[in-house]
Amino acid sequence: MHIVIMGCGRVGSTLARTLEQQGHTVSVIDRDPTAFRRLGPGFGGRRITGIGFDQDTLKDAGIEEAGAFAAVSSGDNSNIIAARVAREMFGVENVAARIYDPRRAEVYQRLGIPTVATVRWTADQMLRRLLPSGAEPLWRDPSGRVELAEVHTSAAWIGRRVAELQEETGVRVAFLTRQGEAVLPTAKTVLQDGDLVHVIMRTDEVEQVEAACAKGPDTEDRR
């Protein structure tokens, strides 16, 4: 996957190096060219000097081929504007914005942009948003047989009941994150756009579960 990162501070540079080590191609945007020194000499991705929400700058960074975009600059407004441009103008599917002010994070979440407001967890949570498949588990039992993880679900699940997702994929949905708040689903809970789905599953079934969730409901069962 090609990934564009706006902001080359500590979080942005850490994300860039980690993603490149995982085999992805990465472009990093920053208005200060000296910030790229944080990437180190071994970084092989592109370094783009410019404003992260400028469309020409984004094109130079390869946004048109990108599968994910992270806005992790030092400015909340710049981050949310850039994230919305990436999502709405270029159709990037996996977008996340770092927000310093937690009181504003929920407002931005309602705009359809996943936000990360807790500084200590920023890099880890950004990776979960950008790489929804194959993400590290949130929790694993001491035996290593069962884990709690956030899974990427196809947009085709929107409007379907959580019970249907559980029945077709064989997982148990532990909770949803909706507009920044945890929601315990009931038998009647319907999945909404922007929901983050956290499931309990067997560790040896992770790949099958991720594939089933990403695939969407069986077409024969659609209404």
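Visitor: Which residues does Asp-76 touch, not counting residues up to four places away in sequence?
Guide: In this predicted model, Asp-76 lies in helix α3. Setting aside residues up to four places away in sequence, the residues that Asp-76 touches are Arg-98, Ile-99, Tyr-100, Asp-101 and Arg-104.

Visitor: Does Asp-76 count as buried or exposed?
Guide: Buried means under 20% relative accessible area. The relative accessibility of Asp-76 is 8%, so Asp-76 counts as buried.

Visitor: Which are the buried residues of α3?
Guide: An α-helix has 3.6 residues a turn, so residues three or four places apart point the same way. In α3, the buried residues are Asp-76, Asn-79, Ile-80, Ala-82, Ala-83, Val-85 and Ala-86.

Visitor: How many Å does α3 reach from its first C-alpha to its last?
Guide: The helix α3 has 14 residues, and at 1.5 Å a residue the expected value is 20 Å. The reach in the model is close to this, at 19 Å.

Visitor: Which residue with positive phi follows α3?
Guide: The phi in question is near 65°. The residue that follows α3 with this positive phi is Gly-91.

Visitor: Which element gives the largest share of the largest nonpolar core?
Guide: This core has 23 residues, and Val-4, Leu-58, Ile-63, Phe-69, Val-92, Val-95 and Ala-97 touch the most other members. Two or more residues come from each of β1 (2-6), β4 (68-71), α3 (76-89), β5 (94-98) and α4 (102-109). The largest share is five residues, and the element that gives it is α3.

Visitor: With which residues is Ala-97 in contact, leaving aside its neighbours within four places in sequence?
Guide: Ala-97 is among the residues that touch the most other members of the largest nonpolar core. Leaving aside neighbours within four places in sequence, its contacts are Ala-71, Asn-79, Ile-80, Ala-83, Ile-113, Pro-114, Thr-115, Val-116 and Met-126.

Visitor: Which residues make the nonpolar surface patch of about 220 Å²?
Guide: One member, Ile-51, is found in the loop between β3 (46-49) and α2 (55-60). At 37% relative accessibility, Ile-51 counts as partly exposed. The patch is made by Ile-51, Phe-53 and Ile-81.

Visitor: How many Å apart in space are Ile-200 and Phe-175, C-alpha to C-alpha?
Guide: Ile-200 is placed in strand β11 (residues 196-202), and its contacts beyond four places in sequence include Val-171, Arg-172 and Ala-174. Ile-200 and Phe-175 are 25 residues apart in sequence, and their C-alpha to C-alpha separation in space is 9.4 Å.

How values were computed. Residues are numbered from 1 along each chain as its sequence is written. This is a predicted model: local features need pLDDT of at least 70, side-chain atom pairs count only at pLDDT 80 or more; totals for chains, interfaces and linings use all residues. Side-chain values use heavy atoms; hydrogens and water are left out. A nonpolar core is a set of buried Ala, Val, Leu, Ile, Met, Phe, Trp, Tyr and Cys residues joined through side-chain atoms within 4.5 Å. Buried means under 20% relative accessible area, exposed over 50%, partly exposed in between (1.4 Å probe, protein chains only). Helices (H or I, at least four residues) and strands (E, at least two) are DSSP runs, numbered from the N terminus. Contact means heavy atoms within 4.5 Å. Patches are made of residues with over 30% relative accessible area and no salt bridge: like charges are joined within 9 Å, nonpolar side chains (Val, Leu, Ile, Met, Phe, Trp, Tyr) within 5 Å. Accessible areas come from the Shrake-Rupley method with a 1.4 Å probe; for residues, only the protein chains shown count as cover. A salt bridge is a side-chain nitrogen of Lys or Arg within 4 Å of a carboxyl oxygen of Asp or Glu. The expected span of a helix is 1.5 Å times one less than its number of residues.
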